[in-house]
Amino acid sequence: VSRRCAEAVEALTKASFITATLRDSHQTPGAHSGQWMGGCRLASLVPARPEFAEYTLHRRLDIKVYPPKFRAFAQLYFGSGQEFNRAIRLFATRQGYTLSDQGLRRATRGKNEKGDYGTLWEGPLLDDPSGCNWTTEASIFEFLGLPFIPLEDRDNGIGVARLEAMARSQAATPSNEDCFIVAAETPKNASGKTSPLQRLARMEVERDRSIGLRVRRGGVETPLELEANATLWPVHRSS
């Protein structure tokens, strides 16, 4: 990542496109991304690009290079517009997470010893429970319990209150997905090895007097008998 960022900055400098450097952190040890901030001028590319001759103003330019695993988070962070970006980060905070251009973390917020409100504890970057490895922005929305919002709709006055309303509506919508109940804390696959739980499915489980269970899928109830000490996990059916 650092090398790629350095190569991009070097190439643009040789082309006279970059005219000033404000910050260069692509060589920061342990950094998850390469970052450069500075100024540029399109007219500097003349005579190679004569159509840029009229663009003589110097403009601010930021260059950030990420590894593939952060691509969806970087796209969401920098490509969604300022208002939506703030709204979805605040929404994640209210759910007990911090959302950045590099991933999702569990976090605890409150007042510190000085009385200032902020993050008191922050965990490691979370893995994608769906098994998709955060390859798309949709996987981030799904994790947060939100319907996917296309890029072109994100600047239409969507604040955190509207996101919370969307999440409530999403949670109240019956799921038509094929789901089942696993009566164990650590489900095992056919080979006997413990397999990680996949996406939590939305389903309503009611315990009746006989310890039996009624699993409601899209409004259709299915009885299911389990032992009294069984631990229940709603998960997607794996194929």
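## Basis of the description

Helices (H or I, at least four residues) and strands (E, at least two) are DSSP runs, numbered from the N terminus. The structure is a predicted model, in which local features need pLDDT of at least 70 and side-chain atom pairs count only at pLDDT 80 or more, while totals for chains, interfaces and linings use all residues. Residues are numbered from 1 along each chain as its sequence is written, and side-chain values use heavy atoms, with hydrogens and water left out.

## Helices α3 and α5

Helix α3 (residues 82–94) and helix α5 (residues 160–172) have axes that come within 8 Å and cross at roughly 55°. Axes are lines fitted to C-alpha atoms, for helices over the stretch in contact, and angles run from 0 to 180 degrees between N-to-C directions. α3 is therefore oblique to α5; angles under 35 degrees count as roughly parallel, over 145 as roughly antiparallel, 65 to 115 as roughly perpendicular and the rest as oblique.

The contact (heavy atoms within 4.5 Å) involves Phe84, Ala87, Ile88, Leu90, Phe91 and Arg94 of α3, together with Val160, Leu163, Glu164 and Ala167 of α5.

In strand β2 (residues 34–40), seven of seven residues are buried, that is, under 20% relative accessible area with a 1.4 Å probe, protein chains only. Gly34, Trp36, Gly38 and Cys40 point one way from β2, and Gln35, Met37 and Gly39 point the other way.

Two strands pair if DSSP finds at least two bridges between them. Strand β1 (residues 18–24) runs antiparallel to β2, joined by five bridges, and Thr21 stands opposite Gly38. β2 also pairs with strand β3 (residues 59–65) in the antiparallel sense, over seven bridges; here Gly39 has Arg60 as its bridge partner.

Technical notes: Buried means under 20% relative accessible area, exposed over 50%, partly exposed in between (1.4 Å probe, protein chains only).
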